[in-house]
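Please view the sequence and the model first.

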Amino acid sequence: MNADQKMRQSTSASAYGGRAGKGAGDGAPPPGRIRRFWSVRRVPAGIVALVIAVISGLLLYDVAAVRSGRPAMRWREWLADELASRPLDDAWVMGGAALLAALGVWMVVLALAPGLRGLLPMRPPGAAPGAEAEWGKGVEAGAGAGAEAGAGGAVRAGIDRTSAGLVLRDRAMEVPGVRSARVDVGRRRVRARALAHFRDLDEVRADLDAALHEGIRQLGLARRPALSVRVRRSAKSKG
């Protein structure tokens, strides 16, 4: 990158989450105290239960048919012959076992993970720094924002990551000199990319950094993400 390109681009990465809650009256609880929302997973559980019920019913029907003197289904005879004739170190046997094991591990991980990665939990109203905020598992929420009644009748709130990105994008567009902006909100980091068409890039970056920091603070997230801001000159302004 030459000197001219360096002058046309300004980047900052602020460890915003590291200094969250240090200000007076900030009201942010320590990180890790507020749990994420948990998905109830009705549809996946229903699909898995339906598949298991169909397979179990088919096997029970075939066993009952064999017990009553009828021949077994061809697919079960073929499977029994294959399992009886193939050695344990056969590539197909080992591959099938590895696939089933990986599927089982994947299902266990999914069962233990909270889910709802697109929903960011918000801190409860009036939470003081250091206060213990142990909330129960959540319910599935729709796009935008969600809320639920937690332990003791308390209300948990959450905001969709896409909606949070739109709010922060509107904040970015209010900064003088910003022509267009894109804000991607992750679970741990917010990445902002902006095009400037006038003003010095460092000044635009500083104002944008301050505006987004304030916007993140006003979102009231339980865990404030780190902020990365990148500002560059638009192609039309370079000429």
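In this predicted model, helix α5 covers residues 161-173, and its 13 residues at 1.5 Å each should span 18 Å.

**Helix α5**
- Ala164, Gly165, Leu168 and Ala172 are the buried residues of α5.
- Viewed down the helix axis, these buried residues fall within an arc of 100°, so they line one face of α5.
- An α-helix has 3.6 residues a turn, so residues three or four places apart point the same way.
- Thr162 and Leu166 are exposed, and they sit on the face of α5 turned away from its buried side.
- At the start of α5, the backbone nitrogen of Thr162 has a side-chain oxygen of Asp160 within 2.9 Å.

**Val167**
- Val167 is also part of helix α5.
- Val167 counts as partly exposed because its relative accessibility is 39%, a value between the 20% limit for buried and the 50% limit for exposed.
- Val183 lies 16 residues from Val167 along the chain, and the C-alpha atoms of the two are separated by 9.1 Å.

**The nonpolar core**
- The largest nonpolar core contains 25 residues.
- The residues with the most contacts inside this core are Leu168, Val185, Val190, Leu208, Leu212, Val229 and Val231.
- Two or more residues of this core come from each of α5, β5, β6, α6 and β7 (226-233).
- The largest contribution is that of α6, with 7 residues.
- In soluble globular proteins, nonpolar side chains tend to be buried together.
- Leaving aside residues up to four places away in sequence, Val185 touches Leu120, Arg161, Ala164, Gly165, Leu168 and Val190.

**The whole protein**
- The protein has 7 helices and 7 strands, and from the N terminus on their order is α-β-α-α-α-β-β-β-α-β-β-α-β-α.
- Of its 239 residues, 30% count as buried.
- Among contacts with a separation of 6 or more, 68% join residues 24 or more positions apart.
- The accessible surface is about 15000 Å², and carbon and sulfur atoms account for 60% of this area.

Conventions: Residues numbered from 1 in each chain as written. Predicted model: local features only at pLDDT ≥ 70, side-chain atom pairs only at ≥ 80, totals over all residues. Heavy atoms only, no water. Helix = DSSP H or I, 4+ residues; strand = E, 2+ residues; numbered from the N terminus. Expected span 1.5 Å × (residues − 1). Buried < 20%, exposed > 50% of the residue type's maximum accessible area, 1.4 Å probe, protein only. Arc of directions from axis to C-beta. Polar contact = N/O pair within 3.5 Å; in protein donor to acceptor, adjacent residues only side chain to side chain. Contact = heavy atoms within 4.5 Å. Areas by Shrake-Rupley, 256 points an atom, 1.4 Å probe, with all protein chains shown as cover. Core = buried A, V, L, I, M, F, W, Y, C linked by side-chain atoms within 4.5 Å.
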